[in-house]
Amino acid sequence: MLPQKRVENPQAQSRSSQVKNSFQTSLSAWKVKQKPNDSKTILKQNPVEAHEYMDDQAEDTLQTALRYFEKGPIKTLSSKDKILGKYLKTVENVAWKNGLAPEAIDILLNVALSGKFGSAVNTQLLKCMIPATSISEDSVVKAVSWLCVGKCSGSTKLLFYHWLVAMFDFIDQKEQMNLLYGFFFASLQDDALCPYVCRLLYLLTKKENVRPFRVRKLLDLQAKMGIQPHLQALLSLYKSFAPTLISVSLPTRKIFFKNSKDLWNSAVLAVRLRNQSPFSEPLKLTLGPANFNPLRRKWNSHSVIPVLNSGSCTKECGKKEMSLSDCLSCDRSLPLERLQSFPLLLQNIHCLELPSQMGAVLTSSLLLQYINCARDESLLLRLYHWLSQTLQEQCIWYKVNSHEQRKEFTNLLDTIIRAECFLQEGFYSCEVFLYKSIPLWDGLCCQSQFLQLMSWIPFSSFSEMKPLLFDHLAQLFFTSSIYFKCSVLQSLKELLQNWLLWLSMDIYKKPVMSSPLETTLGASMNSVSKLIDYVGWLSTTAVRLESNSTFLLHFILDFYETVCDIYINHDLPLVVLFPPGIFYSSLLSLDTSILNQLSYIMHRYHKNLIAAKKNELVQRAKSEFSFSTKTCQQFNHYLTTMIGCLWTSKPFKKGIYIDPKILEKAGVAKYKNSLNLVHHPSLLSYAASFLLEGSPEERTINISSIREKKWHWYLDYLFSEGFQGLKFFVSSSMHHSSYNHNNQR
C-alpha cells in the first residue's frame with residue numbers, strides 16, 4: 001500500500017509551502033529524492049521499504065513527465081509520438097494508482113487548458129485529474145482564466161466543467177470561486193455547457209448571488225430551451241432564497257440532476273481506499289473533530305467519510321503546532337481542527353471555516369448543530385450533493401462488491417443514520433437514494449439501515465411517495481418472513497411519529513419557502529391518513545398470511561397506539577380507526593396481552609373523539625378538514641361489540657355472522673349469551689386461577705359461578721395481574737347501571 005506522502009523533511013515542507021504561497025507552477029520546488037545505489041539490496045529487505053523505493057521511482061518518473069508537459073512540445077508533436085505517449089501513460093498510471101498531488105494537478109490543468117497540445121492530449125490529461133488529497137482553489141481559478149483566452153477547444157472546455165462538478169468537494173476552499181460566479185453564469189449561453197454550469201452554480205449559489213437580472217436571464221433561457229431539469233433546479237434554488245423574485249410555479253424537492261457515472265468516480269474511490277485504513281465500526285458523532293492527525297494516518301484505511309479538516313489547517317499542517325490564538329488570528333477564521341467545545345462554537349460562529357468536503361460534517365455534532373441553525377441553503381446543497389454521489393457510488397446492490405466494501409457501505413449508512421437521529425431530521429438525498437434503490441433491494445442486504453433511513457423520510461405527499469417507495473415495499477412485505485414484516489411495521493411507526501412531530505411543530509406556523517410543509521392543513525392530514533390506511537391494508541393482509549400471529553399483532557397494535565392519540569398528543573385534527581380485520585383478530589385473540597393492548601387503544605380512541613368534539617379547533621379547521629361521521633359510527637360499533645364480548649355477554653349483534661352448524665360442532669351454539677370477561681378464550685385460565693385461590697381444595701370448578709360479589713373480586717384480581725389497559729377501558733366505557741345489571745344476571 002502507498003504510505004502517506006512523507007512530509008517529515010522540513011526542506012520539503014518549506015518548498016511546498018513556497019509553491020502554494022507564490023502561486024508558482026514550476027517543479028523546481030519539488031525535491032528529487034536520492035535513490036540508493038543498490039536497488040537489489042533494498043528489494044531484499046522488508047517489503048515496506050521495497051514498496052517505498054518503487055513509489056520513489058514512480059514519483060521521479062512523474063516529475064520528469066510533468067517537466068515535459070510544462071515546457072510544451074519541442075517540435076510539432078502529435079499524440080502518436082512515442083515520447084508524448086510514454087509521458088501520458090506515466091501520468092495516467094500514477095494518477096489511477098495513487099492520485100495526483102495538488103501541485104501536479106495545478107501543472108496539468110494549465111497544460112490542458114492553455115492549448116499547448118492538441119485536443120486529444122488535453123482530453124486525456126483531464127481524465128487523469130484524480131486528486132490524492134485535495135485540489136487547490138488557486139489552481140481552479142487559474143484554469144478558469146485560461147477559458148477566457150479561448151485557446152482550448154469546446155470539447156476540452158466541456159470536459160473541464162464536467163471535471164469541476166465531479167471534483168467540487170475536493171477543492172480546498174470556495175471563496176475565490178464564488179467571486180467568479182458572474183463568469184460561470186455567463187457561460188449558460190452555451191447550450192452544451194449549460195447542464196454542467198447549472199450544476200456548478202447550484203453548488204456555488206448563495207443568497208447574495210440571487211439578483212433580478214439573473215432570474216430574468218434564467219426565465220429567458222427556459223422560454224428559449226423549454227423546460228429543462230437543470231434550469232428548473234437553479235430557478236428553484238433562486239426561489240428558495242428570494243421567493244418574491246420568481247412567480248412561476250416550480251416543482252418542489254424534485255431530483256433535477258441525475259448521478260451520472262463520472263469518469264473519475266471509480267478512480268477517486270480506489271485512491272481513497274488505498275491511501276487510508278480500515279475501521280471495524282462506523283464513525284460516531286464526536287464533539288470535536290474525529291481522529292485529527294493529518295501526518296499519521298494508518299495504512300489500509302478506507303473510510304468513505306472524509307477527514308475533518310479545513311483549508312487553513314491543511315496549509316499549516318507541515319509547520320509547527322500553532323496555538324489557539326494564532327489560529328483565531330489567521331484569516332479571522334477558526335479552523336475546524338480547533339473546534340472542541342460548544343462554547344467555542346458560539347464564540348466563533350461568525351467566522352467558522354467549513355470543510356472543503358462537506359461529508360466530513362457527519363461525524364461532528366458541533367458542525368451538524370451549526371448547519372441546522374445557520375439555515376444556509378448552500379451548505380445543505382453541498383452536503384446533499386456529497387451524499388447523493390457517495391450513496392450511489394457505494395451502494396452494493398448497484399454492483400457486485402466484496403465483503404469489505406459491504407461492511408464499508410453499512411458503516412457509511414450507520415454514520416448517516418446517527419447524524420439524522422442527532423438532527424431529528426432526514427436528508428433529502430437519502431430519500432432519493434431509497435426511491436432509486438428499493439426496486440433493486442432484496443429486503444435482506446443492510447435491512448436494518450435501509451428501514452431506519454425510511455423512518456426518517458421528510459414529510460411529503462403520500463400520493464407521490466406511493467409509486468416510488470410504498471408499492472415496491474408492499475411486494476417485499478407480503479413475500480418475506482414474519483420478522484421482516486414486523487421490522488417494516490416498526491419502521492413505519494417511527495416514520496409516522498416523525499411526521500406527526502414535524503406537523504405539530506410547523507402546521508400552525510407561517511410556512512417557510514424552503515420548508516417541505518408548504519401545504520394546507522387538510523392536505524397534510526390527508527397524507528397522514530393515507531399512510532395510516534396503507535399500514536392498515538398491510539396489517540390486515542399480513543394477519544391473514546401469518547394465521548393471526550400474536551407476535552405480528554403486537555407490532556400492529558404498537559402502531560395504532562400512536563394513531564389513537566394523534567389528536568390529543570399532537571394537537572392535529574385527525575382520528576383514524578384500525579380496520580375490522582385488526583379489531584376482531586385482536587378482540588378474539590388467545591393472548592391476554594393483545595386483549596389488554598386493544599382495551600387501552602379503545603380507551604384512548606374514546607378520549608380523543610370526545611376531546612375532538614369539544615375542541616373549537618376543529619370548527620376553525622372545518623374549512624380544510626373535518627371529522628367524518630363514519631368514523632364516529634364505526635367507533636361506536638367497535639365499542640358496542642367490545643362491551644358485548646367483555647361485559648354484557650351479547651356480542652356480535654351486527655357486523656359478523658357465524659354459521660350455526662359450525663357453532664354446534666364447536667359446542668358453543670349459544671355463544672351470544674356466553675362470552676364475557678370470564679368466558680373469553682384468553683381469560684379462562686385467569687378465571688380458573690381466581691376460583692382456585694378462593695377454594696384451593698376444590699377438585700372441580702365452575703367458572704359460571706363468578707357473578708355478583710365474585711365479579712367485583714374477579715375484576716380486582718385481573719387488575720392486580722397487570723391488566724391496566726382493561727382497567728382504563730372498563731372505567732371509561734362502562735356505566736354503573738350496566739355494571740349492576742351484569743352482576744344481577
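I began with contacts, which I take to mean heavy atoms within 4.5 Å. Among contacts in the protein chain between residues at least 6 apart in sequence, I found that 74% join residues at least 24 apart.

**Ground rules.** I am working from a predicted model, where local features need pLDDT of at least 70, side-chain atom pairs count only at pLDDT 80 or more, and totals for chains, interfaces and linings use all residues. I number residues from 1 along each chain as its sequence is written, and my side-chain values use heavy atoms, with hydrogens and water left out.

**Secondary structure.** I looked up helices (DSSP runs of H or I, at least four residues) and strands (runs of E, at least two), both numbered from the N terminus. The protein chain has 36 helices and zero strands.

**Surface.** For accessible areas I used the Shrake-Rupley method with a 1.4 Å probe; for residues, only the protein chains shown count as cover. The protein chain exposes about 35700 Å², and carbon and sulfur atoms supply 54% of that area. I call a residue buried under 20% relative accessible area, exposed over 50%, and partly exposed in between. Of the 745 residues of the protein chain, 50% count as buried.

**Salt bridges.** My rule asks for a side-chain nitrogen of Lys or Arg within 4 Å of a carboxyl oxygen of Asp or Glu. By this rule I get four salt bridges, and I noted the details of some of them.

**Asp106 and Lys142.** The closest N and O atoms of this salt bridge are 3.1 Å apart. Asp106 sits in helix 5 (residues 102–114) and Lys142 in helix 7 (residues 137–149), so I have a pair that links distant parts of the chain, 36 residues apart. I see Asp106 as buried, at 7% relative accessibility, while Lys142 is partly exposed at 21%.

**Lys466 and Asp471.** In this salt bridge, the closest N and O atoms are 2.8 Å apart. I list Asp471 as partly exposed, with a relative accessible area of 32%, and Lys466 as partly exposed at 34%.

**Lys485 and Glu546.** Which parts does this pair tie together? First, the salt bridge has its closest N and O atoms 3.1 Å apart. Lys485 lies in helix 24 (residues 482–506) and Glu546 in the loop between helix 25 (521–545) and helix 26 (550–563), so the pair ties together parts 61 residues apart in sequence. Lys485 counts as buried at 1% relative accessibility, whereas Glu546 is partly exposed at 23%.

Methods:
Buried < 20%, exposed > 50% of the residue type's maximum accessible area, 1.4 Å probe, protein only.
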